[in-house]
Amino acid sequence: MQTGKPKKKLHQQLRRKYMWAYIFVLPQVLYFLLASAYPIVMSYVYSFYEWDGLGPLTRFVGFSNYNELLHDEMFWNSFYNAMIYGVSATIITVVSSFLLALVLNDVNMKGKTIYRTIYFLPVVTVSSIIGIMFNNIFGIQGFANQFLQSIGWIHEPIRFWLDPVLAMIMLILVGSWKHIGVVMIYWLAGLQMIQIDLYEAAKIDGANYWKMLMRITLPLLKPVAATILLLTVGSSLHVFDLVRTLTNGGPYHHTETIELFIYEYAFATKFGGVRVGYASAAGVYLGIFVLFVSLFLGWLGMKAGSSGSSKIGKEVSKS
Amino acid sequence: MKKSISLILMLVLIFSAVLAGCSKGNNEAKNSDASPSQSASATGSQSNSQTPAPGAEKVVITMWNRLNKATFDNVIAGFQEKYPNITVKLENLPEGGGDVAQYQAAVNGNELPDIFVRPTEYSVAQLVKLGRLHDLDEVFPKEGFGDYTEGTFAEGYGSIDGKVYTFPLFSSLHGALMMYYNKKVLESVGYTAADIPKSWDELLAFGKEFNQKSGGKVYALGFGAKTNYFATYLMNQQASPITPEGQFNFLTGQYNFNTQGYIETMQFYKKAYDEKVLHPATIDADTGKAYTLLKTGEVAFMMGGNWSGEYLSQPDKDGNVAFTTDDWGVVPIPSKNGGPQYQYFEGGSGEYLYVSKETKHWPEVKLFLEYMRDNFYGSVIETGQTMPSKKVELIPDAKPKFAQYTDISKMMVEFKRLTPTVYAHNPAATSVVAQYNNYKPKENVGSIFLGYLQGQLKDLDKPLQKLTDDSNAALKRAIDEAGGAVKAEDFVFPDWVPGENYKG
């Protein structure tokens, strides 16, 4: 009896499958190494040098950049602004997209596809274009002020971009509006994973909409919610193009986020030359902060995943 | 079979992607190998002296411009007519600072075009040290230096180690600010040019009355406060009669921004804004918006640079000239007491071109530069943009397209004062100046002024003092890092008289 040949054939087939898998994954891996991993590693390297981006790295300064940043008022100002934006935009985005998803998930809702498309349109629009557009619409002589003055609601133009609080509110609202569509899709995906049987059983038991929402929907959405929170927080802490075009950090640094701060040092601007090392150190600080936030939210997600299903299990067994 | 085809297709895709990523797009010359001359040698100065004859192989030389879009149109058109085999491919970069990142990427990647207007954030010394520039001794031999305004080819500005690296375009007097006015707007409210204010008090009184007479629809003054370089120039020029030492005191070798000059100037414009003398859009406007305010009659006066006359005279995109040269005039900006005002400059030229050391078409570039040397300066006068680097008396045939050019040129001479230059004491200071540029604060008088005007800053003493302290700390750090090659005393000139042209 010949037993070696079938095993050898299976092994070869498996190897071929793996080979194809690696070939298809290879371009993305290469891209990741060149466009992500290499810059990340090099930014750590640059952070230990005083370097203007020209010529070779010659001036090793150790932790001097990190130390200087800790005493830089503008760095802490930009960090504070980033936190205000991040927290506010996350809350508004997550809550409003959830409410929209609830509405669009209703079986009686007509024209769902159209509404989903409308809400998703800002997501596919380039952030910098949105920034320029809204900056013009809400400028002192922009459409918004002209309209409000023409209907007599205001006599003097509203300084949307010149009042620190208003400018930050506008930035948060525009940034949230931009991302609501995609987060809504995540919620919809989560809602559609919940078995309809559970709702039918609850209706038979006399549960109203509110009770079903609180006792079935929300608990079962906890794992999804944790993931959505993680993704939303991550994206709201990385806001550069919108800030650059909408407010450019103004008025007077009141909306300057940390990525804009990094940009001002990494690239030559109207204020002077370049300090790549300093900018890289700021980037490292941001990266470490985002890592800790992500780890915390990931842990929350794991806890939510286990508690959500066990809670439903208890509810089902009670009935 | 299917798998083999798929594998081949995948490899072709990857290979194409790698090729696309590795290709360089800057120089589009199709026949570089067929060019009769070779590219620059290691020193960047040796080249084949043959020039291409008309009818030779076609060559494209690339050029970046961050100045007024029309600056080089005439000279390029004339050159291409004379040498039809050579095309100058001009790329106009975004104005008002939008070009900075593009230049930085090109300098770092050594992918500069053949010819480019100087990038504002890199000094000629930095670029020469990096090996990015081709010297221009063949275009500007020393015996011709006398044809240009004084200091054009001074060491540290136009020349490094005795070699010329810049093609001067504008006079070093370029950058003066003045006040343009809309004649029709003035007349509509019953004023003439004789009523134009000359001092701050006069401007405030005029502005309030003007706004009332126009029913609150038209304001006296507008300018682009959001354009940082403009706001900085305005502060420097307006502060000068009050604090002649300016932002850098050559008597002490230290920066000082916390001066009566800057404080009073900023307070004056804030008052003008609060009392509706300044158009409300000013605090949200760039220089482009300011032109619109003047042309559309929303303001009577607009602060602009010596180049603004040329902008105001340009037709719109449909070719219509709604705002003709008869519709505007130009006068000095009102100063505190109606007296003189000025900005400081250190020599060199107002703007200039560089040639990339990596150019593959040096003979064609040299031909173009020689043509420009003989024809460009006349067109500078003809467009009315500014004064050229070449002495005006050597270009007698050039006639400006608007009569106001004479007044503008006169004001350019009056509003500029030559300062000492540290390079005269110590040529090694170029590296210190470059390092200072990197260490200096991400703030200047223009941004502090905008913050104060917009109401974000209530007190000027603290931010101006911080700017002073941070600037001096940056200078000290840059000097210390020079390891003794440059001293703080190199920046001190005891024979300097603030407010006068330096004669040392």
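How many residues does the contact take from chain B and from chain A? In this predicted model, 27 residues come from chain B and 27 residues from chain A. On the side of chain B that touches chain A, two or more residues are given by each of α1 (2-22), α3 (100-109), α7 (228-239) and α14 (429-439) of chain B. Of these, α3(B) provides the largest share, five residues. The composition of this side of chain B by class is eleven nonpolar, eleven polar and five charged residues.

Chain B itself comprises 504 residues, of which 47% are buried. Its secondary structure consists of 16 helices and 15 strands. Among contacts in chain B between residues at least 6 apart in sequence, those joining residues at least 24 apart account for 79%.

The pairing of β7(B) involves strands β11 and β12 of chain B. With β11 (residues 299-305), β7(B) runs antiparallel and is joined by five bridges; within this pair, Met178(B) lies opposite Gly304(B). The pairing with β12 (residues 328-331) is likewise antiparallel and includes four bridges, and here Asn182(B) has Trp328(B) as its bridge partner.

Methods
Residues are numbered from 1 along each chain as its sequence is written. Chains are lettered from A and ligands numbered from 1 in the order in which they are written. This is a predicted model: local features need pLDDT of at least 70, side-chain atom pairs count only at pLDDT 80 or more; totals for chains, interfaces and linings use all residues. A residue is buried if 20 or more other C-beta atoms lie within 10 Å of its own, exposed if 12 or fewer, and partly exposed in between; C-beta atoms are placed from the backbone. Two residues are in contact if their C-beta atoms, placed from the backbone, lie within 7 Å. Two strands pair if DSSP finds at least two bridges between them. Ala, Val, Leu, Ile, Met, Phe, Trp, Tyr, Cys and Pro count as nonpolar, Asp, Glu, Lys and Arg as charged, and the others, Gly among them, as polar.
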